[in-house]
Amino acid sequence: DVGQLVGDYLGAAAAVERAAADAEVAKRALERAAKLVEVGGLARSEYERREAEHKRTLSEVTTARAAMTNIERKLQRFGLDADDLTRLRTSSGDAAAWSRTAVRAPFAGVVTSADVAPGEAVDTTRELFTVVDLSTVWVIGDVYQKDIASVRRGQEAAITTESYPGDTFTG
């Protein structure tokens, strides 16, 4: 999907440049026509035709920019930012390199499961990673019967785990 959007984006960027160039040519033709009409060297109808052409080319610029903006938004959803888009438009290298993208979680957390390998082709229907927010966790523990009388609601507990030897967590 990203590769297709990159191609579409580069085509849209070229369409904007082409439309802007056409609009500039039409603007100069309109300015020349205005001067010629003043001195009687051009019919008023020809000036009006060039004016309509200039308006049409401005409309094409607006349409091309809107299409490009639409594709930019789609690429941004894949994680490309404004700097990436600028580099993409101005790069003369291989556009295929842009079809690879970093997968970013929408929040900070810890990857607890990865079901994908680097460079593997994936689609939007597949779960790639499991990311969890471990800033708050629940601990379920067993208390020996003889120690139950020592446990109170709201009491601080020290937790140790095999996965973090030497670390003690409190809660």
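This is a predicted model: local features need pLDDT of at least 70, side-chain atom pairs count only at pLDDT 80 or more; totals for chains, interfaces and linings use all residues.
Visitor: Why is the packing of α2 and α3 called oblique?
Guide: Helix α2 (residues 44–77) and helix α3 (residues 82–90) pack at an angle of about 125°, with their axes 11 Å apart.

Visitor: What makes Arg89 and Glu72 a salt bridge?
Guide: Their closest N and O atoms are 3.7 Å apart. The cut-off is 4 Å, so the pair counts. Arg89 sits in helix α3 and Glu72 in helix α2, so the pair ties together parts 17 residues apart in sequence.

Visitor: Why is Glu72 called buried, and Arg89 partly exposed?
Guide: Glu72 has a relative accessible area of 17%. Buried means under 20%, so Glu72 is buried. Arg89 has 36%. That lies between 20% and 50%, so Arg89 is partly exposed.

Visitor: How do you know that Glu46 and Arg49 form a salt bridge?
Guide: Their closest N and O atoms are 2.6 Å apart. That is within 4 Å, so the pair qualifies. Both lie in helix α2, 3 residues apart, about one turn of the helix.

Visitor: Why is Glu46 not counted as buried?
Guide: Glu46 has 22% relative accessibility. Buried needs under 20%, so Glu46 counts as partly exposed.

Visitor: What makes Lys146 exposed?
Guide: Lys146 has 70% relative accessibility. Exposed means over 50%, so Lys146 qualifies. Its salt-bridge partner Asp147 has 30%, so Asp147 counts as partly exposed.

Methods
Residues are numbered from 1 along each chain as its sequence is written. Side-chain values use heavy atoms; hydrogens and water are left out. Axes are lines fitted to C-alpha atoms, for helices over the stretch in contact, and angles run from 0 to 180 degrees between N-to-C directions. Helices (H or I, at least four residues) and strands (E, at least two) are DSSP runs, numbered from the N terminus. A salt bridge is a side-chain nitrogen of Lys or Arg within 4 Å of a carboxyl oxygen of Asp or Glu. Buried means under 20% relative accessible area, exposed over 50%, partly exposed in between (1.4 Å probe, protein chains only).
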